[in-house]
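User: Could you take a close look at the surroundings of the ligand in this model for me? I would like to see how that part sits within the rest of the chain.

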Amino acid sequence: MNAKIVVIGCMLLLPCVAGAASVDVQRGRYLVKIGGCNDCHTAGYVTSGGSVPEAQWLTGQAVGFKGSWGISYPANLRLLVRAMSEEQWIHQVGQPALPPMPWFSLREMSEIDRRAMYRYLWSLGPAGSPAPAYVAPGAAAPTPYILFVPQQDERQAGRQVPAFKR
Ligand code: HEC
């Protein structure tokens, strides 16, 4: 093929290809933000009103959630995607996980959005360390944790607090 045609062809095509890739990543970022993933998967995000720098986003938490299921830790999603192909991620997202991970919400996510999220997580690059391992009910807690059990103020005795049921 004529070299001139190839060069002109590439000049026309490349911005489209690059544009499509960045749209994916930007959509993934948008989904992460509105999906509340940082609330649990980024330390300090909720208590700072969402002002944690993006460089620290989604690196997981070493403060666990303790309930009848034991103690669960929000995974380091930036490391998780490095250990998974995009196809594995698509399959894994929405599989049952321990509370309070809202896996049943992610189950509803379309394939195209799962891809966008994976590409955004990948674009952030690896950072932080893996979250601590899950702790079974009754075992000693190796880290601080948030107690995910309804509490009843004695002064409110008589008012019903709904119990968590598995
Ligand atoms: C209310 C807290 C909370 C929110 C919000 C949350 N997660 Fe999680 N997530 C967790 C916890 C806790 C775990 C660990 C669950 C376990 O050990 O089974 C987890 C685990 C995961 C895992 C690993 C599960 C697996 O199958 O290996 C993925 C992927 C994940 N979360 C993605 C997300 C995404 C994407 C969002 C936003 C749409 C999100 N999470 C929002 C708490 C949360």
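Analyst: Happy to! The ligand is surrounded by 24 residues, the closest being Gly35, Cys37, Cys40, Leu98 and Met101; a residue is counted as near when its C-beta atom, placed from the backbone, lies within 6 Å. Two elements each give two or more residues to this shell, helix H2 (37-41) and helix H3 (77-82). H2 supplies the largest share, four residues. Helices here are DSSP runs of H or I with at least four residues, strands are runs of E with at least two, and both are numbered from the N terminus. By class, the shell holds 17 nonpolar, six polar and one charged residues. In that scheme Ala, Val, Leu, Ile, Met, Phe, Trp, Tyr, Cys and Pro are nonpolar, Asp, Glu, Lys and Arg are charged, and the others, Gly among them, are polar.

A word on the source: this is a predicted model, where local features need pLDDT of at least 70, side-chain atom pairs count only at pLDDT 80 or more, and totals for chains, interfaces and linings use all residues. Residues are numbered from 1 along each chain as its sequence is written.

Beyond its neighbours within four places in sequence, Leu121 is in contact (C-beta atoms, placed from the backbone, within 7 Å) with Gly28, Leu58, Leu77, Arg78 and Val81.

Now the wider chain. The protein chain has six helices and three strands, in the order α-α-β-β-α-α-α-α-β along the sequence. Of its 166 residues, 20% count as buried.

Finally, confidence: pLDDT is the predictor's confidence in each residue, from 0 to 100. The chain's mean is 89, and 81% of its residues reach 70 or more. Over residues 6-11, though, the pLDDT is below 50, and this stretch has one contact beyond near neighbours in sequence. Where pLDDT is low, the predicted coordinates should not be read in detail.

Conventions:
Two residues are in contact if their C-beta atoms, placed from the backbone, lie within 7 Å. A residue is buried if 20 or more other C-beta atoms lie within 10 Å of its own, exposed if 12 or fewer, and partly exposed in between; C-beta atoms are placed from the backbone.
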